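Keep the model in view as you read.

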Amino acid sequence: PGIVQEMMDAFAKVTGRHYTLFDYVGHPDAERVAIIMGSGADTAEATVNYIEEKGEKVGVVKVRLYRPFSVDYFIKALPKSVKNIAVLDRTKEPGSMGEPLYMDIVNALVEGKRENVKVIGGRYGLSSKEFTPAMVKASLDELKKAEPKTHFTVGINDDVSHTSLDVDVSFSIEHPETVRCVFFGLGSDGTVGANKNSIKIIGEETENFAQGYFVYDSKKSGQMTTSHLRFGSKPIHAPYLIEPNQANFVACHQSNFLERFDMLKYAKEGAVFLLNSMSGKDEVWDTLPSEAQSAIIEKKLKFYVINGYDVAEQTGMGQRVNTIMQTAFFAISGVLPREQAIDEIKHAIEKTYGKRGEAVVKQNFEAVDATIANLYEVKVPAKVSSKMTRRSSVPNDAPDFVRNVLGPMISFDG
């Protein structure tokens with residue numbers, strides 16, 4: 001371990017980024033501490049910083065070197081004030097007394113003569129579940145209890161061994177000025193590529209910090225793609241997807257998705273919803289499922305529609321609506337002045353498609369110019385009028401397991 005630390009110190013001299021075998025972040029006199037390693041550490045650190053600012057004595061130890069495990073370095077990193085520890089493992093080891101990191105921490109505290117510290121162990125990220133600040137807070141809050149669960153789970157509803165902690169899904173540590181956007185597209189329609197360009201434009205041409213993450217099937221073409229974009233004036237430390245009821249902007253680039261998926265669950269109250277539809281602004285409301293209409297009314301969403309297919313056909317773009325929808329996003333969001341946004345989009349088009357020839361670039365330019373004239377705000381009625389409901393992902397007479405387990409997974413709710 002000592003040699004690894006020496007290399008970390010040498011790395012710090014070269015890069016300015018200093019690491020130790022066990023990095024501690026939080027209140028210097030913390031009483032409740034989480035211990036974690038790997039992908040969840042950044043989320044835990046950001047959450048601890050937020051909670052500490054609220055006046056709570058909490059901290060987190062980020063394990064940088066797991067094997068060989070150094071008791072001395074660990075005890076040195078742990079504040080002497082710590083009374084309770086929650087060890088978080090991203091694994092499940094059936095038949096053991098606890099998960100690997102939990103067992104090592106318990107042993108290290110005994111060998112380091114810190115037996116007075118109470119330790120509980122938790123699992124997170126099982127089944128590729130997101131690990132959010134709300135889950136970190138739930139783990140730290142469990143340590144407040146007189147009799148906390150010795151072994152717990154966050155992220156899934158453990159209805160077998162009943163070890164799950166209650167998680168407040170409304171808890172968020174993101175800055176109020178951070179803008180969160182979710183885009184749904186079809187693999188090969190260019191949505192992902194356009195959103196990557198949008199992030200570059202926002203990050204390079206404004207004072208905003210920007211983040212983009214893209215979710216799609218291994219067989220991307222023909223499947224639904226989801227783009228999660230964040231930008232704002234404050235640094236962004238959010239290595240997790242945008243949660244339901246948090247997005248300021250939701251865009252659906254393929255209108256038939258509304259018949260199958262609940263994408264408006266991501267929108268917060270007062271958010272903007274942009275739909276690409278072949279129906280005009282006066283007819284589009286009646287084409288929506290009743291669930292979508294209800295969400296738009298209840299959440300007081302601003303509803304915009306554009307016939308991207310028609311614009312694409314007129315400008316020779318075929319079925320690729322990416323440039324059109326990207327332009328509509330900038331026109332509605334106001335992240336850049338409209339003229340500047342159009343100039344930057346055209347510059348990105350030249351960089352992206354220049355190698356394909358002047359004709360392709362010209363077609364994209366024409367699509368950008370035609371977008372604004374075909375973008376409309378829809379007047380939202382006061383009541384739901386649609387008789388159509390969202391299609392079930394599986395037949396109603398399917399077995400219970402198919403309806404209750406596979407069905408939600410197919411609908412991206414499981």
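Strand 9 (residues 224-232) is largely enclosed by the rest of the structure, because nine of its nine residues are buried. Buried means under 20% relative accessible area, exposed over 50%, and partly exposed in between, with a 1.4 Å probe and protein chains only. Helices (H or I, at least four residues) and strands (E, at least two) are DSSP runs, numbered from the N terminus. This is a predicted model: local features need pLDDT of at least 70, side-chain atom pairs count only at pLDDT 80 or more, and totals for chains, interfaces and linings use all residues. Residues are numbered from 1 along each chain as its sequence is written, and side-chain values use heavy atoms, with hydrogens and water left out.

In a regular strand the side chains alternate between the two faces of the sheet. Strand 9 is covered on both faces. One side carries Met224, Thr226, His228, Arg230 and Gly232. The other carries Thr225, Ser227, Leu229 and Phe231.

Which strands flank strand 9? Strand 7 (residues 179-186) pairs with strand 9 in the antiparallel sense, over eight bridges. Strand 8 also runs antiparallel to strand 9, joined by seven bridges. Two strands count as paired if DSSP finds at least two bridges between them. Valine 179 stands opposite phenylalanine 231 in strand 9. Glutamine 211 stands opposite arginine 230 in strand 9.

Stay with glutamine 211. It lies in strand 8 (residues 209-215). Glutamine 211 counts as buried because its relative accessibility is 19%. Its side chain reaches the backbone oxygen of alanine 238 at 2.9 Å. Beyond its neighbours within four places in sequence, glutamine 211 is in contact (heavy atoms within 4.5 Å) with Ile199, His228, Leu229, Arg230, Ile236, Ala238 and Pro239.

Now move to helix 5 (residues 133-142). Eight of its ten residues are buried, so helix 5 is largely enclosed by the rest of the structure. The buried residues of helix 5 are Pro133, Ala134, Met135, Val136, Ala138, Ser139, Leu140 and Glu142.

The structure holds one cavity of 30 Å³ or more. On a 1 Å grid over the protein atoms alone, a cavity is a set of points where a 1.4 Å probe fits but cannot get out; a pocket is an open set with protein on both sides within 12 Å along at least five of seven lines; lining residues have an atom within 4 Å of a point. The largest cavity has a volume of about 50 Å³, where a volume is the space filled by probe spheres set on the points. Helix 6 (191-205), helix 9 (322-333) and helix 10 (338-353) each give two or more residues to its lining. Helix 10 supplies the largest share, five residues. The lining divides into five nonpolar, five polar and no charged residues. Ala, Val, Leu, Ile, Met, Phe, Trp, Tyr, Cys and Pro count as nonpolar, Asp, Glu, Lys and Arg as charged, and the others, Gly among them, as polar.

The second largest pocket has a volume of about 450 Å³. Its lining has 17 residues, with Ala46, Ile173, Pro235, Ile236 and His237 nearest its centre. By class, eight are nonpolar, four polar and five charged.

Finally, step back. The protein chain has twelve helices and 13 strands. Buried residues make up 48% of its 414 residues.

How values were computed. A polar contact is a pair of N or O atoms within 3.5 Å; within protein, one must be able to donate a hydrogen and the other to accept it, and residues adjacent in sequence count only if both atoms are side-chain atoms.
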